[in-house]
Amino acid sequence: MARLHPRLHDAIRLLPAHRPAHLLTRHSVRELAKNGFADYRLPLTAEGVAMAREWGARLERPVQAFYSSPVGRCVDTATAMAEGALEAGLIPAMPEVVTDPTLVEPGCYVEDINRVGPTFLKMGALSFLNQHLKTPFEGMLSPAAGRAKLASYLYQREPEPGSLAVHVTHDTILAVLVAELEGRDAIDEEHWPWMMEGLWVWFEDARMHWVWRGHHGHRDLALDAAGP
């Protein structure tokens, strides 16, 4: 039976009660890839749907919006989380899941999939991301520029004070974002996001604050014209 990362739920208590907050999360458990690459057609398993629904019911805060990568397993994760949140009384009615290309590739880091895609398939996800953290590929935003783009995306979708917005994305996006925030230029298997694992984010005092695996950090950010 799949399970949530053991430090994910308790991190809710590290969020300031009066601030809008975001959960940027990987999708839930999907079918296994036969060739080692998880293409966009792989759906959630029944176990993945159940885990997303159970997690949605445990979010504890009112949830104002659910956003998702357009990929089916992400949309289904957001939908199942919303069903759980509805059952727990965290939302008044079943919402529409809003899809956004920023949460998928191309979108956040990848700008030219035709230039980047073959290299990704040749190298594999972990080697590709480690190379990108050190020397960004042509056709991609640098890790810092991608982080700024994601920060701006989140800030523009702030929920009401004390409430939460959920954004369902992919492991590759989360892995690079967390590495950049933590000042690392390498990712290993220990760093790789679990299924349904997420980064908690809020903005305060011109800073982006985050909690990942129970650790709180912050970054001074210039979010262009959209910043706090």
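## A network of salt bridges

Arg147, Glu180 and Arg219 are linked in a network of salt bridges. A salt bridge here is a side-chain nitrogen of Lys or Arg within 4 Å of a carboxyl oxygen of Asp or Glu. By this rule, the count comes to 10 salt bridges.

## Basis of the report

This is a predicted model, in which local features need pLDDT of at least 70 and side-chain atom pairs count only at pLDDT 80 or more, while totals for chains, interfaces and linings use all residues. Residues are numbered from 1 along each chain as its sequence is written, and side-chain values use heavy atoms, with hydrogens and water left out.

## Buried pairs

In the salt bridge between glutamate 180 and arginine 219, the closest N and O atoms are 3.3 Å apart. Glutamate 180 belongs to helix H6 (residues 171-181) and arginine 219 to strand S7 (residues 215-220), so the pair ties together parts 39 residues apart in sequence. Helices (H or I, at least four residues) and strands (E, at least two) are DSSP runs, numbered from the N terminus. Both glutamate 180 and arginine 219 are buried; buried means under 20% relative accessible area, exposed over 50%, and partly exposed in between (1.4 Å probe, protein chains only).

Glutamate 197 and arginine 213 also form a salt bridge (2.6 Å, N to O). Glutamate 197 is buried, with a relative accessible area of 2%, and arginine 213 is buried at 16%.

A salt bridge joins the side chains of glutamate 83 and arginine 53 (2.7 Å, N to O). Glutamate 83 lies in helix H2 (residues 72-87) and arginine 53 in helix H1 (residues 46-56), 30 residues apart. Glutamate 83 is partly exposed, at 27% relative accessible area, and arginine 53 is partly exposed at 28%.
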